[in-house]
Amino acid sequence: MKVLVTGGAGYIGSITAKALEEAGHTPVILDSLLSGPRAFVRNRIFYAGDIADRALVRRVVHDHPDIEATIHMAARIVVPESAQLPYEYYRDNVAKSLELFDELVALDRPRVLFSSSASLYAVKDDFEVTEDDPLAPSSPYARTKHMMEQVLQDMAVATDLRAVILRYFNPIGSDPDLESGIYAREPSHVLGQLVMAARGLKDSFTVTGVDHPTRDGTGIRDYIHVWDLARAHVRAVERFDDVLAACDAPSVVINVGTGAGITVRELVASFEQVFGRSVPVTEAPPRLGDAVGAFANVDRSARLLGWHTELSLADAIASALAWGEKREEVLGYE
Ligand SMILES: NC(=O)c1ccc[n+]([C@@H]2O[C@H](COP(=O)([O-])OP(=O)(O)OC[C@H]3O[C@@H](n4cnc5c(N)ncnc54)[C@H](O)[C@@H]3O)[C@@H](O)[C@H]2O)c1
């Protein structure tokens with residue numbers, strides 16, 4: 001099967017492209033290289049350009065009439081930046097996605113898999129969220145994802161478009177062959193910060209927020225190995241029509257997580273175990289907009305996709321550490 005992967009030069013997109021190949025499919029990458037590095041595309045079929053460039057999307061489908069589905073990952077993704085640059089975030093994530101979806105429908109390529117986010121969920125007392133739980137997106141970034149979920153649901157009712165919306169929890173780790181991984185120069189997310197502290201690139205790791213209503217006061221997340229997440233996309237593409245038939249609906253939302261909540265302190269403990277040494281840790285108040293967090297109820301992904309995670313937290317940490325050693329060779333910077 002040929003699959004259009006927008007954002008296929010990015011962190012999750014490049015690893016999903018690899019997972020598609022391993023399952024015998026052919027990814028076709030469309031990426032503007034706004035943030036994703038060219039090196040992550042490798043020798044895959046690649047179109048450098050914007051998702052809202054309708055002539056380009058037409059050319060891609062003309063060149064590859066056997067494209068059977070689109071995985072739409074292209075987006076701006078930095079939460080604090082979205083508060084500084086709302087115009088750019090709504091333009092790129094919302095307005096440009098609308099152009100892409102409309103063009104895909106016009107080209108009779110109606111199957112769309114969309115990258116949404118667990119950051120949409122409102123805080124719940126027990127932190128375990130099902131797809132039907134209340135949403136309270138708290139940043140412009142999260143609101144762009146919420147809007148696109150609504151757009152897809154409405155378009156799926158009114159047009160031929162069909163949508164499988166995957167709400168990712170917290171992807172960590174790297175490509176199994178260390179061909180891609182986190183590429184930000186100073187990763188802002190917690191595991192990237194831990195790797196930097198462990199490698200001596202930072203003085204210490206700072207736990208932001210120790211008074212949350214969790215079992216140890218620190219934020220809770222559902223860390224999923226990015227390779228497991230990539231495999232979930234393969235499953236969703238392969239079962240696309242069956243998934244929607246099973247729900248008797250033109251669109252569906254599916255959580256993609258491990259089903260386990262891990263606090264920051266627990267993550268640090270696991271990290272130290274894998275790393276084999278302790279990491280200097282300091283504590284600070286939560287950063288503006290820091291959420292307590294959530295973890296996935298995974299009943300729907302098990303039922304509809306027949307998928308569950310196979311890799312452990314320790315596997316993901318080891319993979320992130322190995323990528324930390326390797327990435328300069330791929331990216332040209334540490
Ligand atoms: N990384 C996470 O923790 C996380 C969590 C939940 C959801 N997501 C979603 O998953 C998707 C992939 O995330 P990622 O971490 O791989 O991000 P990423 O920034 O590495 O990848 C996004 C890619 O999209 C490309 N892009 C951006 N705007 C474009 C445009 N207008 N046209 C063409 N290409 C464009 C970028 O160049 C980049 O390669 C995003 O939609 C993101 O919102 C990510």
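Student: Where is Pro65?

Tutor: Pro65 sits in the loop between α2 (54-63) and β4 (67-72). Bear in mind that this is a predicted model.

Student: Is Pro65 buried or exposed?

Tutor: Pro65 counts as exposed, because its relative accessibility is 53% and the cut-off for exposed is over 50%.

Student: And how far is Pro65 from His308?

Tutor: Their C-alpha atoms are separated by 32 Å. Along the chain, Pro65 and His308 are 243 residues apart.

Student: OK, new topic. Which residues come nearest to the ligand?

Tutor: Ile12, Asp31, Met73, Tyr141 and Lys145 come nearest, out of 28 residues around the ligand.

Student: How much of the ligand's accessible area does the protein cover?

Tutor: On its own the ligand has 820 Å² of accessible area, and the protein covers 92% of that.

Student: Which element gives the largest share of the shell around the ligand?

Tutor: Strand β5 does, with three residues. At least two residues each come from α1 (11-22), β5 (111-117) and α5 (140-158).

Student: How many of the shell residues are nonpolar, polar and charged?

Tutor: The shell has 15 nonpolar residues, nine polar ones and four charged ones.

Student: Now the inside. Which residues touch the most other members of the largest nonpolar core?

Tutor: Leu113, Val164 and Ile254 do, in a core of 40 residues. Helix α7 (residues 226-238) gives the most to this core, eight residues.

Student: What does His233 touch?

Tutor: Not counting residues up to four places away in sequence, His233 touches Thr16, Ile71, Met73, Leu113, Leu166 and Tyr168. The side chains of His233 and Tyr168 are joined by a polar contact of 2.6 Å.

Student: What about Asp92, buried or exposed?

Tutor: Asp92 is buried, with a relative accessible area of 9%. Asp92 is placed in helix α4.

Student: Which side chain makes a polar contact with the side chain of Asp92?

Tutor: The side chain of Arg76 does, at 2.7 Å. Apart from neighbours within four places in sequence, Asp92 is in contact with Leu34, Ile51, Arg76 and Ser97.

Student: Let's do Ile165. Where is that one?

Tutor: Ile165 is in strand β7 (residues 162-168). Ile165 is buried, with a relative accessible area of 0%.

Student: Which residues does Ile165 touch?

Tutor: Leaving aside residues up to four places away in sequence, they are Phe114, Ser116, Glu149, Leu152, Gln153, Val252, Val253 and Ile254.

Student: Last topic, the backbone. What is phi of Asp108 near?

Tutor: Phi of Asp108 is near 60°, a positive value in a residue other than glycine. Asp108 lies in the loop between α4 (86-106) and β5, and Asp108 is exposed, with a relative accessible area of 53%.

Student: And phi of Phe127?

Tutor: Phi of Phe127 is near 70°, a positive value in a residue other than glycine. Phe127 is in the loop between β5 and β6 (128-129).

Student: Is Phe127 buried or exposed, then?

Tutor: Phe127 is buried, because its relative accessible area is 9% and buried means under 20%.

Methods
Residues are numbered from 1 along each chain as its sequence is written. This is a predicted model: local features need pLDDT of at least 70, side-chain atom pairs count only at pLDDT 80 or more; totals for chains, interfaces and linings use all residues. Side-chain values use heavy atoms; hydrogens and water are left out. A nonpolar core is a set of buried Ala, Val, Leu, Ile, Met, Phe, Trp, Tyr and Cys residues joined through side-chain atoms within 4.5 Å. Buried means under 20% relative accessible area, exposed over 50%, partly exposed in between (1.4 Å probe, protein chains only). Helices (H or I, at least four residues) and strands (E, at least two) are DSSP runs, numbered from the N terminus. A residue is near a molecule or strand if one of its heavy atoms lies within 4 Å of it. Accessible areas come from the Shrake-Rupley method with a 1.4 Å probe; for residues, only the protein chains shown count as cover. Ala, Val, Leu, Ile, Met, Phe, Trp, Tyr, Cys and Pro count as nonpolar, Asp, Glu, Lys and Arg as charged, and the others, Gly among them, as polar. Contact means heavy atoms within 4.5 Å. A polar contact is a pair of N or O atoms within 3.5 Å; within protein, one must be able to donate a hydrogen and the other to accept it, and residues adjacent in sequence count only if both atoms are side-chain atoms.
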